[in-house]
Amino acid sequence: MSAAVSARGLVKRYGEIVAVDGIDFEVQSGVCFGFLGPNGAGKTTTMKAVYGLAQVDAGELSVLGLDVRRERREVKARIGVVPQEQNLDRELTVRENLDIQALYHGIPADGRIDELLDFTLLAERADAKPGELSGGMKRRLLIARALVNRPDLVVLDEPTTGLDPQARIAVWGLLERLRSEGVTLLITTHYMEEAERICDRLVIMDEGRIVAGGTPAELLERYGEPNLEGVFLQLTGHGLRE
Amino acid sequence: MIAAELVPSVPAASRVWRRNMRVFSKVWKGALLPQFFDPLFYLLALGFGLGTYLATVNGIPYKQFVGAGLMSSAVMWAASFETTWNIFFKIEETRLYDSVLATPVEVQDVVLAEVAWAATRAVIYGTTFTLIVAIFGLVDSLWAVLTPLFLALGGACFGMLGLTFTSLIKTMDWYSFYYTLFITPLFLFSGIFYPLTRLPDWVHVVAWFTPLYHLVQITRGLVLGPDALSVLGNALWLLVLTSALFVIPVRALRRRLVA
């Protein structure tokens, strides 16, 4: 099985601050791979490096077998991005947001848009503007937008943060269906139960470093804890939400 | 900087341009409509108001003199608004470019697209005003049909200037400097309202270094019967400045958006 994402010695600095401090990881195709850690651990920076919106200072990063630094357009043509901050096109309707995404990718929109509106349960709100949507709907639209180009890899940065439990379960449902279709998912979260529920493998990040990695079951067993919360506390000496 | 980070893809840029066109076609009747009237009011107040007392300038009826000049300023204002406030809003507020740059579109494509779009919007406003000037009977030469072409060039130049400034500033406060110390003086001192011919030589030298002066030379030339060489010379000046600036917003926006 080939690696969808492979990072070796990845470093990213913002001035004096070292956001990502020499991390290695490998994501196999078709799995849901999680980055678990508190705010400021370097998760978002790592995601941005993968989808080309952060320029890495050192190390190697290959995405879908391509060098992110030299083959930016090719990489971005084959991935989908669900950012942490909602950046939908406010001037356009739900449907137009998806149409324009197809345009940016230079691919015909045709039936794909209706399919995605159905998939994300937004068909009835197709003519609404993003400002008229609930938080959960906006997140589902961001997911639909990320899927327009039929990506091999979808990067989701905290896809359920700020959502109510029902909306969160709806997002999990979408992610599970994607994974069952063989799409590789790269996801960041600071929710333990989310990581345990949807990730096949995960790494725990703290202060720019990866402190542990494995399947959720392996981690629980290795550290002798009943849940990931305990594993995290044992590894870092502090909780997730501080 | 390597070529891959500098050379734009025209297809990618055209997609960003088409997004802007789509939004514009939805909203122009609202917030953007008043801008069509702006140069018209200047034409009425100065051309037909002041022009009643000031019959001719350099042998040309004053309203005709002013009308041809205002075609240029209409372009300047339209292109400037587009790449200052509007772009800043897209960078900092709606984070639109974060989503665009996560697709195969790159920073240099965005720069090309936004400048081309500013030029398009400038042509829409400038040509509308040119038609109004023609309806008032203030166009003498058939060469005026070429005006949109040069309005596009002028719009690209002011679009590029605005985008360059936008790419370098951190807060919107800086726009008061841009408009008060750059755009407004250009509007007043580029030969739109009075000829520079009888002013001291240093005025001509300063004017030569400003873009609106050259655009006014072009539009006035086309409306009154052009000196082809002068039109082309002024056009070349605008083209050189526009192209020379390209690299600055590309680098600055890349630093800002792809940190």
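Visitor: What makes the strands β6-β7-β8-β3-β9-β10 of chain A an open sheet?

Guide: This is a predicted model, so every value here is computed from it. In it, 6 strands of chain A line up in the order β6-β7-β8-β3-β9-β10. β6 (79-82) and β10 (209-214) stand at the edges, each with a single partner strand. One side of each is therefore left without a neighbour, and the sheet is called open. The pairing is mixed. The twist averages 15 degrees from one strand to the next.

Visitor: How do you know that β3 and β8 of chain A pair?

Guide: Two strands count as paired if DSSP finds at least two bridges between them. Strand β3 (residues 32-36) and strand β8 (residues 184-189) of chain A have 5 bridges, so they pair. Cys32(A), for one, stands opposite Leu185(A) in β8(A).

Visitor: Which helix lies across β3, β7, β8 and β9 of chain A?

Guide: Helix α1 (residues 43-50) of chain A does. Helix α1 runs at about 155 degrees to β8(A).

Visitor: How many bridges join β1(A) to β4 of chain A?

Guide: There are 5, and the two strands run antiparallel. The cut-off for pairing is at least two bridges, so β1(A) and β4 (residues 58-63) pair. Arg8(A) stands opposite Glu60(A) in β4(A).

Visitor: What agrees with a compact globule in chain A?

Guide: The radius of gyration does. With 242 residues, a compact globule would have a value near 18 Å, and chain A has 18 Å. The C-alpha trace of chain A spans about 50 × 40 × 35 Å along its principal axes. Buried residues make up 46% of chain A. Chain A has 9 helices and 10 strands.

Visitor: Why is chain B called as compact as a globular protein of its length?

Guide: The globule rule gives 18 Å for 259 residues, and the radius of gyration of chain B is 19 Å, which is close, so the description holds. The C-alpha atoms of chain B fill a box of roughly 60 × 40 × 35 Å. Chain B has 11 helices and 2 strands. In chain B, residues 24 or more positions apart account for 82% of the contacts with a separation of 6 or more.

Visitor: Which residues have the most contacts inside the largest nonpolar core?

Guide: They are Val154(A), Val155(A), Leu185(A), Leu186(A), Val75(B) and Ala122(B). The core has 140 residues. Its largest share, 16 residues, comes from helix α5 (residues 107-135) of chain B. Ala122(B) touches residues including Val75(B), Ala78(B) and Leu151(B). In soluble globular proteins, nonpolar side chains tend to be buried together.

Visitor: How do you know that chain A is in contact with chain B?

Guide: Contact requires C-beta atoms within 7 Å. Between the chains, 23 residues of chain A and 19 residues of chain B are in contact. On the chain A side, α2 (72-78) and α3 (94-105) are the elements that give two or more residues. α3(A) gives the most, with 5 residues. By class, this side has 11 nonpolar, 5 polar and 7 charged residues.

Conventions
Residues are numbered from 1 along each chain as its sequence is written. Chains are lettered from A and ligands numbered from 1 in the order in which they are written. This is a predicted model: local features need pLDDT of at least 70, side-chain atom pairs count only at pLDDT 80 or more; totals for chains, interfaces and linings use all residues. Two residues are in contact if their C-beta atoms, placed from the backbone, lie within 7 Å. Helices (H or I, at least four residues) and strands (E, at least two) are DSSP runs, numbered from the N terminus. Ala, Val, Leu, Ile, Met, Phe, Trp, Tyr, Cys and Pro count as nonpolar, Asp, Glu, Lys and Arg as charged, and the others, Gly among them, as polar. Axes are lines fitted to C-alpha atoms, for helices over the stretch in contact, and angles run from 0 to 180 degrees between N-to-C directions. A nonpolar core is a set of buried Ala, Val, Leu, Ile, Met, Phe, Trp, Tyr and Cys residues joined through C-beta atoms within 7 Å. A residue is buried if 20 or more other C-beta atoms lie within 10 Å of its own, exposed if 12 or fewer, and partly exposed in between; C-beta atoms are placed from the backbone. The radius of gyration is taken over C-alpha atoms; the globule rule is 2.2 Å times the number of residues to the power 0.38. Lists of a residue's contacts leave out its neighbours within four places in sequence.
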